[in-house]
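Hi,

Here is the structure I promised to pass on. Have a look first, and my notes follow below.

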Amino acid sequence: MKKTGLLNPALNHMIARLGHTDTFVIADCGLPIPENIPVVDLALTFGIPRFQDVVAAVFDEVEVESVVLAQETPEEVRALFSSPTTYVDHEALKRLIPEASFVIRTGEATPFANVIVRSGVPF
């Protein structure tokens with residue numbers, strides 16, 4: 001058994017496959033996800049797991065180069081990110097999802113709690 005870090009095998013697999021500039025999405029439970037995009041569905045009930053908890057756990061594992069947030073994203077969600085950030089309108093954010101390697105679906109019910117993450121390199 002792993003001693004630390006993420007325990008979800010599917011999520012570990014997806015993260016391990018990321019390369020520099022690959023993107024993935026951490027989403028609230030309402031974001032529409034195209035059928036062809038792999039989903040690691042962590043949602044259990046509304047609010048579980050919380051978006052901020054998933055972001056914290058995933059960002060401990062991934063080298064983040066930058067993020068994309070919707071302009072409509074509430075301040076409490078924006079405050080979770082210190083990486084270089086691009087803001088687009090929510091419709092534009094949804095159009096970027098088909099380019100992502102995968103989506104992590106949380107149980108978050110806060111509107112616009114979605115982020116597109118661009119992976120970096122640790123060297």
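This is a predicted model: local features need pLDDT of at least 70, side-chain atom pairs count only at pLDDT 80 or more; totals for chains, interfaces and linings use all residues.

On the overall layout: the protein chain has four helices and six strands, and from the N terminus on they run α-β-β-α-β-α-β-α-β-β. The C-alpha atoms fill a box of roughly 40 × 35 × 30 Å along the principal axes. The radius of gyration is 13 Å, which agrees with the value near 14 Å that a compact globule of 123 residues would have. Of those 123 residues, 41% count as buried. Among contacts with a separation of 6 or more, 78% are between residues 24 or more positions apart.

Now the inside. The largest nonpolar core has 23 residues, and Phe 24, Ile 26 and Val 58 touch the most other members. At least two residues each come from α1, β1, α2, β3 and β6, with α2 giving the most, four residues. Leaving aside residues up to four places away in sequence, Ile 26 touches, among others, Phe 51, Val 54, Ile 104 and Val 115. There is also a second, separate core of 13 residues, including Leu 31, Val 68, Val 88 and Ile 116.

His 20 is in the loop between α1 and β1 and is partly exposed, with a relative accessible area of 40%. Beyond residues up to four places away in sequence, His 20 touches Glu 65, Ser 119, Gly 120 and Val 121.

Cheers

Note on methods. Residues are numbered from 1 along each chain as its sequence is written. Side-chain values use heavy atoms; hydrogens and water are left out. Buried means under 20% relative accessible area, exposed over 50%, partly exposed in between (1.4 Å probe, protein chains only). Contact means heavy atoms within 4.5 Å. A nonpolar core is a set of buried Ala, Val, Leu, Ile, Met, Phe, Trp, Tyr and Cys residues joined through side-chain atoms within 4.5 Å. The radius of gyration is taken over C-alpha atoms; the globule rule is 2.2 Å times the number of residues to the power 0.38.
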